[in-house]
Amino acid sequence: MKDFSNQITNRTEGRDVEITDIKTCVVDGNFEWNLIKVETDAGVTGIGESYRGGGVPELVEYTKRFLIGENPLDVERLYRRIIQEMSGHGGTTGKVVTAASGIEIALWDAAGKILDLPVYQLLGGKFRDDVRIYCDCHAGEAYAVEDGSTEYAGADAYSPEAYANEARRVVDMGFTALKFDLDLEMDNDPDPFNGRLTNGAIEHKREIVEAVRDEIGYDIDLAFDCHWDYSVESAKRLAYKLREYDLMWLEDLIPPENMDAQTEVTKATKTPVATGENRFRVHELSGLIYDHGVDIVTPDPTTVGGLGETMRIADRAEENYMPISPHNVCSPIGTMACVHLGAAIPNFDVLEYHALEVDWWDDLIERDESLIQDGYIEVPETPGIGVELDESVAEDHRLEGTTGF
């Protein structure tokens, strides 16, 4: 078995640094955001984020057994050490990789601050100064707003009108790309288990897509997410019905486990297909990419293994002339980590933003203006990921029952 323990002792002055502590704070946003802080004896603190949900703080706490005393500049080696040390805990996939992702991001942030470089520079350099954002939208009463003279509260949550109204509102905010959920309650009728869509359900989805297109036109990029709900034949039928609307992509049409089934769906339609957010490490996505079983690959950097692992996935996608659009439901911390990826990846397309309803999202970072400007985020030139967490705001929104930093 490989020994990933600390064998590196020869370091010049200024880079002889040790990790002194690793802490977590779960912030209760529209999701449970797992924030991770890596402290060092150089007085530098790195901040990262793991994908939402339970179990992450406990796993991060476990890694302190072997990461304390290590040099935070050895980002790739320490990421691999987490995987190796915890391989017996299911560490090659799942929640261990999710926890490792947030630690890895925090290490990049710390390394950038120690070396006085932005993270994108550490990842290889910059392809773009601004990263384009697509807004993940939700229609209907739950997200009803009053925008000047327009009220959207009266629209039924699942009506084509509600989708069209919200699409217009978001486009008017400056976004040039957006996505809606297309899986609906009616999909469970008459059978909630077999994944088969009725003709009526497919027609209703077509009407939604048509209404949005009629409202915003074809200059706006438009995608729809189906959250792994459908059988292969229903996925094919739905994609066929939507081919005329020139979608950016249809996302997660079928359950994620069977890559051959995913490839079958992708190759059966001219509608672009996207997937990848709940796969772990490059190994779980390589075959799908090389088989062209997906048109746009959408790994989540806070799930898949961090920034370095996402770069490896992007390399394989680039070999196959395939764009990468990272999944992102993070706070501004994880989002800014993804922005550095967007700067450093040649085949990057658009980055998800999924917190439109969280009116304090920007407050989590120490910044005078909104992070997103006219549908873009500027790639920062400051060291690390380029933003600092406002810990008082994180504490104000800390998940009940958790301890925080």
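Trainee: Where is the place of V170?
Mentor: V170 lies in helix α5, residues 160-172. Keep in mind that this is a predicted model.
Trainee: Is V170 buried or exposed?
Mentor: Buried, because its relative accessibility is 0% and the cut-off for buried is under 20%.
Trainee: What does V170 touch, leaving out residues up to four places away in sequence?
Mentor: C135, C137, F175 and L356. Take C135: it is 35 residues from V170 in sequence. In space the two are 7.6 Å apart, C-alpha to C-alpha.
Trainee: New topic, strands. How many residues of β2 are buried?
Mentor: 8 of its 9, so strand β2 (residues 32-40) is mostly covered.
Trainee: Which strands does β2 pair with?
Mentor: Strand β1, residues 19-28, pairs with β2 in the antiparallel sense over 9 bridges. Strand β3, residues 45-50, pairs with β2 in the antiparallel sense too, over 6 bridges.
Trainee: Which residues stand opposite each other there?
Mentor: I19 has T40 in β2 as its bridge partner. V38 stands opposite G46 in β3.
Trainee: How many residues sit between the strands in the hairpins?
Mentor: The hairpin of β1 and β2 has 3 residues between them. The hairpin of β2 and β3 has 4, and G43 there takes a positive phi near 80°.
Trainee: Switching to charges. How many salt bridges does the structure hold?
Mentor: It holds 31. One of them joins E61 and K64, with the closest N and O atoms 3.5 Å apart.
Trainee: How are E61 and K64 placed in their helix?
Mentor: They are 3 residues apart in helix α1 (residues 56-67), so about one helical turn separates them. E61 is partly exposed, at 48% relative accessible area. K64 is partly exposed as well, at 22%.
Trainee: What about D225 and K179?
Mentor: Their side chains meet in a salt bridge, 3.6 Å from N to O. This pair links distant parts of the chain, 46 residues apart. D225 is in strand β8 (residues 221-225), and K179 is in strand β7 (residues 177-181).
Trainee: Are D225 and K179 buried or exposed?
Mentor: Both are buried.
Trainee: And which residue does R312 meet in a salt bridge?
Mentor: E309, at 2.7 Å from N to O. They are 3 residues apart in helix α11 (residues 307-319), so about one helical turn lies between them. E309 is buried, with a relative accessible area of 3%.
Trainee: Which residues do salt bridges with shared partners join into one network?
Mentor: E70, D74, R77, R81 and E85.

Methods:
Residues numbered from 1 in each chain as written. Predicted model: local features only at pLDDT ≥ 70, side-chain atom pairs only at ≥ 80, totals over all residues. Heavy atoms only, no water. Helix = DSSP H or I, 4+ residues; strand = E, 2+ residues; numbered from the N terminus. Buried < 20%, exposed > 50% of the residue type's maximum accessible area, 1.4 Å probe, protein only. Contact = heavy atoms within 4.5 Å. Pairing = 2+ DSSP bridges. Salt bridge = Lys/Arg side-chain N within 4 Å of Asp/Glu carboxyl O.
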